[in-house]
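Q: I have a model open and would like to talk through a few parts of it. Could we begin with how its elements are named?

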Amino acid sequence: MTVFKTLLAIITLGLAAAAGFAVNAWHSPIDPVFPPKAGTFDPELLRHGAGLAEIANCNSCHTAPGGRVFAGGRAFATPFGTIYSPNISPDPETGIGLWSEDAFRRALAEGVDRQGRHLYPVFPYDHFTRLTREDVHALYAYFITREPVRAKAPANELRFPLNFRFVVAGWKLLFFRQGPYRPDAGQSEQWNRGAYLVEAAAHCGACHTPRNSLGAEKAGERFSGGEIEGWSAYALNAASPAPVRWTAESLHAYLRNGWQRAHGAALGPMAEVIDNLESVPDDDLGAIATYVASVAGWTNAEPRRAEKPVTLALTESAAAATPREGDAPGGEIFQATCAGCHESGRPLPYGGVPLDKSTGPSAATPTNVINIVLWGVPPAEGKRSPIMPAFADSLDDRQLTALLAYVRAHFSDKPAWADLERSIRTARNGPPMAYPAHGIDTGEPAAQQGEEP
Amino acid sequence: MKLKVNGREHEVDADPDTPLLYVLRNDLALNAAKFGCGLGQCGACTVIADGEAIFSCLTPLLALEGKAITTVEGLGSVENPGPLQRAFIDEQAAQCGYCIAGMMMRAEALLRKNPQPADAEIRAALMPNLCRCGTHMRILRAVRRAADLMRTASAPEGGKRSER
């Protein structure tokens, strides 16, 4: 971000903060209460709350690497500084143990904590505000009966003036619209259920919608693709780069199993999201899949590249793949290092996905492909899972550039990635981005794989 | 092309996309590195190139120009085993032995960078290498012993010998 843009952003936020301060900066604390005992809640309610917490992916953000679940302390590097997730276990001193249900509801619905302080919007209350009263009740019952963990999250390291929480009041004035999900009467009950779960609980847009310079989701670009933790979250709308059409059935299988036979395996932070969906009922996953498939409008789409006759694709790419003088030969590297898995015809999930079906090579940026090739896909702990070796130690930047330029030219119909070598260099010098794939623990991994495209 | 293995230059007559493993075994008769899966999933083929452990089954010759390659043959000989080999023998860390050359090279790369690794670091480093016999605990002990041997070997004469 340029200095000018940063200044502009700070001035805008400053003005909005002043206005916001006048309108809604101050909130009173809500009195502490002793947490209700576990036995006071119906087990069915707790199960419902657990399912919602899974869909909402709460544990991903509120658990530090290697730390206790919900004890917080995970660092989030944002353009505005580093924020640490708070402890949401019911510890009275360091967690939410003294929070009443009203305090809990206010945090989700308004982004204000029990003490009356504004919460930073890295906590996606812009989505959670859409949750129904009943669902918030179930979530409260679930969280207040977890095991308390005493753990204080490190203090946030935010740039001035964002270290003052009242600035968030200005942000809310600009971008935050409180209120419940409003069903679309023109759509089916299942579609509305899916839309509610996606918007209110799963907050898919937090990663899959781009953000503006003040960190808010761009209202006019819903689901047109965003970034998260050094990974690209692909567009889910008509701009999806997927070379194979997603259907409600294939999305359902993908969210259930962590892979889909026509698309491959979920990787990066999405694998973790899918890990969290394990006990979510099929009805709910099906509803989510129905809604997400409709966001892209796949049913009316032109056939995608990987569905076109292969000969055409090969002719198109042959010209594009012609190596330049002095290039390391990407095709030869591909044959020696990648083809053994990706062109072996071994069935997924353990065989490599044929790259003309994979979304990575067709994506707008090479981010995810670079991460995967540099750092590989480590095995899921204690479960069978797809894996991929890392190539950071065996291929240098020039060789990787040649390889990925070849992959782009050969397996997508998109123009070459700009600045490929620089992106590779930057990624290599950054922290390793290895996420295990989702563990495959169904007895019949090919089951429920959705229709063949 | 020229290939530098265990300190010696070799002139190799092979296509540039030939995996290093085939050249080591078939052309140079360096048979320590093994063919296991051919997919970079078992680690039996692991060798060192410029200090990094790599899967030789997935690395084509053209990616190795000018790099110094080390295989188990470069760690010592039957008559005069190097500290890592000594440690694996002392701990009897091999059962069938098929994975051991890869394990040793992965461990060698680790110990060159980190002479005193913690157990968790050894486990993390060896993760890409599989052993199907189940001698993992002995392998871990051997790597720890090798680290001790390497430290005492470079210590001044009369330095305290490791008791482990």
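A: Helices (H or I, at least four residues) and strands (E, at least two) are DSSP runs, numbered from the N terminus. The model is a predicted one.

Q: Good. Where does Val167(A) sit?
A: Val167(A) belongs to helix H7 of chain A, which covers residues 167–175.

Q: And is Val167(A) buried or exposed?
A: Val167(A) is buried, because 25 other C-beta atoms lie within 10 Å, and the cut-off for a buried residue is 20 or more.

Q: Switching to helix H2 of chain A: how many residues does it have, and what is its reach?
A: H2(A) runs over residues 43–55, which makes 13 residues. From first C-alpha to last it reaches 19 Å, close to the 18 Å expected at 1.5 Å a residue.

Q: Which residues of H2(A) are buried?
A: Gly49(A), Gly51(A), Leu52(A), Ala53(A), Glu54(A) and Ile55(A) are buried.

Q: What do those buried residues pack against?
A: They pack against three helices of chain A: H3 (58–61), H6 (133–144) and H8 (189–202).

Q: What comes just after H2(A)?
A: Asn57(A) is found there, with a positive phi of about 60°.

Q: Now chain B. How is it divided?
A: Chain B has domain 1, residues 2–74, and domain 2, residues 83–153. Taken over C-alpha atoms, the centres of these two domains of chain B are separated by 20 Å.

Q: How many residues make the contact between domain 1 and domain 2 of chain B?
A: Domain 1 of chain B supplies 14 residues and domain 2 of chain B supplies 13 residues.

Q: Which elements give two or more residues on the domain 1 side?
A: They are strand E3 (46–49) and strand E4 (52–55) of chain B. E3(B) provides the largest share of that side, three residues.

Q: What is the make-up of that side by class?
A: The side of domain 1 of chain B that touches domain 2 of chain B has nine nonpolar, three polar and two charged residues.

Q: Last topic: how many residues of chain B are in contact with chain A?
A: In chain B, 19 residues are in contact with 16 residues of chain A. The largest share of the chain B side, four residues, comes from E4(B).

Q: And what classes of residue are on that chain B side?
A: The side of chain B that touches chain A has 13 nonpolar, four polar and two charged residues.

Conventions. Residues numbered from 1 in each chain as written. Chains lettered and ligands numbered in written order. Predicted model: local features only at pLDDT ≥ 70, side-chain atom pairs only at ≥ 80, totals over all residues. Domains from an automatic or database assignment. Contact = placed C-beta atoms within 7 Å. Nonpolar A, V, L, I, M, F, W, Y, C, P; charged D, E, K, R; others polar. Buried ≥ 20, exposed ≤ 12 C-beta atoms within 10 Å, placed from the backbone. Expected span 1.5 Å × (residues − 1).
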